[in-house]
Amino acid sequence: MLEIARLTLKNSARDRIFIVIFAFCILYFFIPLFSSFSMRQIQEVSITMCLNLNSAILLFLSIFGGVSTIWRDIERKYIYNVLSHPVRRTDYILGRFLGLFALMFMVSVINFILSVIDINISASMYKSSLPINYTNIMVAFLFSLFKYTLLMAFAFLIDSFATTFFMPFFLTIAIFFAGNTSQGVYEYIVEGTTEYSAIFKDIVTAIYYILPNFSSFDFTPQAVYNLHISLNSVFVTIVYFVLYFVVVMTLTCFIFEKRNLT
């Protein structure tokens, strides 16, 4: 499994997806310039842009990396060479996922370092009344990594039974948008003042608990405006991530073990 993870990480550095990620990272050098257009909120805008750019890079990596890995191995028949050795399918899946996660982690660290530089440059342009809380910013980066790791797990889950590239690609994007809006939809329909039928509310509630709640991983306001982050919310979100991730990856390994690759 670790050898497959190492090869995945090594091959990703040679892949075109790495070139696209590098191109995205170059945008960090322009953030102080773009944030200077915001007049008196240069620091706040700089933090927001850094977090959003990091999210965009991880989103690209989680979707294209997660969707194309298994599909491309099957398409190029590389997987048959791997599985002809004493390698279990579960080890293959976990190895591929671990390699991509290692790449996402390294990209997140690089993005955080570049963000710290950008934020300091932007803050020097105009003194903000809010102090820079690097702990909150680090928490926001960390949970953004958790969010897109979970999204990539869904990409692997769909890829474990899909036979084309487009099905996991569009389904993963759909899960991303649904997971980001599920909290708002649930609060509006189930907890709002508008009257809906009990059956409709039950359906919405069931979908809400099945879909991942990606909005719970968003700590951008706390990072930008130096708001307090409670340890309880951090702990609950970590437990939520671990449980959801274990369930999704267990299903992925189970389905792929039963899949007919011939």
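Let's start with Ser68: in this predicted model, Ser68 is buried, because its relative accessible area is 15% and the cut-off for buried is under 20%. You'll find Ser68 in helix α4. What does Ser68 touch, leaving aside residues up to four places away in sequence? The contacts are Ile63, Asp159 and Phe165.

Helix α8 covers residues 166-189, which is 24 residues. At 1.5 Å a residue, α8 should span 34 Å, and its end C-alpha atoms are 32 Å apart, so the two values agree. Where does α8 bend? Look at Thr181, where the bend is about 45 degrees.

Several residues of α8 are buried, among them Pro168, Phe169, Phe176, Gly179 and Tyr186. And what covers the buried residues of α8? The cover includes α4 (42-75), α7 (134-159) and α9.

Now for the aromatic rings. A pair of aromatic rings is described by the distance of the centres and the angle of the planes. By the pairing rule used here, the count comes to 21 aromatic pairs. Let me show you two.

Take Tyr92 and Phe256. Their ring centres are 5.8 Å apart and their planes meet at 25 degrees, so this pair is stacked. Tyr92 sits in helix α6 (residues 89-125) and Phe256 in helix α11 (residues 231-258), so the pair ties together parts that are 164 residues apart in sequence. Are these two residues buried or exposed? Both Tyr92 and Phe256 are buried.

My other pick is Phe217 with Phe241. This pair is edge-to-face, with 6.4 Å from centre to centre and 85 degrees between the planes. Phe217 lies in the loop between α9 (198-210) and α10 (220-225), while Phe241 belongs to helix α11, so the pair ties together parts that are 24 residues apart in sequence. Phe217 counts as buried because its relative accessibility is 2%. Phe241 counts as buried too, at 10% relative accessibility.

Phe217 and Phe241 both belong to a cluster linked by ring pairs.

Technical notes. Residues numbered from 1 in each chain as written. Predicted model: local features only at pLDDT ≥ 70, side-chain atom pairs only at ≥ 80, totals over all residues. Heavy atoms only, no water. Phe/Tyr/Trp six-rings, centres within 6.5 Å; stacked < 30°, edge-to-face > 60°. Helix = DSSP H or I, 4+ residues; strand = E, 2+ residues; numbered from the N terminus. Buried < 20%, exposed > 50% of the residue type's maximum accessible area, 1.4 Å probe, protein only. Expected span 1.5 Å × (residues − 1). Bend = angle between axes of the 7 residues up to and from the residue. Contact = heavy atoms within 4.5 Å.
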